[in-house]
Amino acid sequence: MEDEVLTPVDETEEENTTENEEVTETTSYDDIIDLALVSIEDYHLNRLAVTSPKDFNIVLEGFMVRGLANFENCRQDLSDRDSSARVFNCALTEIEKSIIADYTVIAWLDKEINDVRQITGMMQNNKEAHRYSEANNLNAKINRRNQLIEEVATKKTTYSFSKSNWLNKWALD
């Protein structure tokens, strides 16, 4: 009788996979919001994150969803998402996440620029120095928004050309 050689079987691998099981990759909203938060400094949002994380997520998801329509050349279907699970039903690339995060920041900056309280305060303030300071703050936000729009446009152009077949065909001819 020959000695049988037994090899260990990884039972967890067998349990986790089945023949007809389809693995779907998703991207969490938090992945994108975390990237956007690197560029956002807002004490109101910071306080909301501490007092009501649920409301904090709702606000930031609103900024993110508002910016999605601007990413019209995305290869993924950004409308295919599960809002209750807070995921996109696709695996977004790093550049796609970055572009969506940038649009999230732009949507936040739009809110900051259009803050009626800031504009009203600027109009009602009789002190020239304070009014000048408020105007400079508003101009800085507008300039940052414009700069960010240019940066994201460059990213989108690079993204568009990165997998372009016509470019490769043209270069070979």
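**Terms and their grounds**

Analyst: Helix α3 (residues 43-51) packs with α4 at an angle of about 135°, and their axes are 5 Å apart. The model is a predicted one, in which local features need pLDDT of at least 70 and side-chain atom pairs count only at pLDDT 80 or more, while totals for chains, interfaces and linings use all residues. Residues are numbered from 1 along each chain as its sequence is written, and side-chain values use heavy atoms, with hydrogens and water left out.

User: Why are α3 and α4 called oblique to each other?

Analyst: The axes are lines fitted to C-alpha atoms, for helices over the stretch in contact, and the angle, from 0 to 180 degrees, is taken between N-to-C directions. Angles under 35 degrees count as roughly parallel, over 145 as roughly antiparallel, 65 to 115 as roughly perpendicular and the rest as oblique. An angle of about 135° falls in that remaining class, so α3 and α4 are oblique.

User: Which residues of α3 and α4 meet, and how do they divide by type?

Analyst: From α3 come L45, L48, A49, V50 and T51, and from α4 come P53, D55, F56, V59 and L60. Contact here means heavy atoms within 4.5 Å. The residues divide into eight nonpolar, one polar and one charged. Ala, Val, Leu, Ile, Met, Phe, Trp, Tyr, Cys and Pro count as nonpolar, Asp, Glu, Lys and Arg as charged, and the others, Gly among them, as polar. T51 is therefore the polar residue and D55 the charged one.

User: What makes α2 and α4 roughly perpendicular?

Analyst: Helix α2 (residues 29-37) and helix α4 (residues 53-68) have axes that come within 10 Å and cross at roughly 85°. That angle lies in the perpendicular range, which is why the two helices are described in this way. Their contact involves Y29, D30, I32, I33 and L37 of α2 with F56, N57, L60, E61 and M64 of α4. Seven of these residues are nonpolar, one is polar and two are charged.

User: How do you know that L60 is buried?

Analyst: Buried means under 20% relative accessible area, exposed means over 50%, and partly exposed lies in between (1.4 Å probe, protein chains only). L60, in helix α4, has a relative accessible area of 1% and is therefore buried. Beyond its neighbours within four places in sequence, L60 is in contact with I33, L37, L45 and T104. L60 and D30 are 30 residues apart in sequence, and their C-alpha atoms are 9.6 Å apart.

User: Why do the charged residues K97 and D110 count as buried?

Analyst: K97 belongs to helix α5 (residues 94-113), and its relative accessible area is 12%, so it is buried. Apart from residues up to four places away in sequence, K97 touches T27, D31, I32, L35 and L92. D110 also lies in α5, and its value of 14% likewise makes it buried. Under the same exclusion, D110 touches R66 and R145.

User: Is N146 buried, exposed or partly exposed?

Analyst: N146, in helix α7 (residues 128-162), has a relative accessible area of 36% and is therefore partly exposed. Its C-alpha atom is separated by 8.9 Å from that of I106, 40 residues away along the chain.

User: How many helices and strands does the chain have?

Analyst: There are eight helices and three strands. Helices (H or I, at least four residues) and strands (E, at least two) are DSSP runs, numbered from the N terminus. Of the 173 residues of the chain, 31% count as buried.
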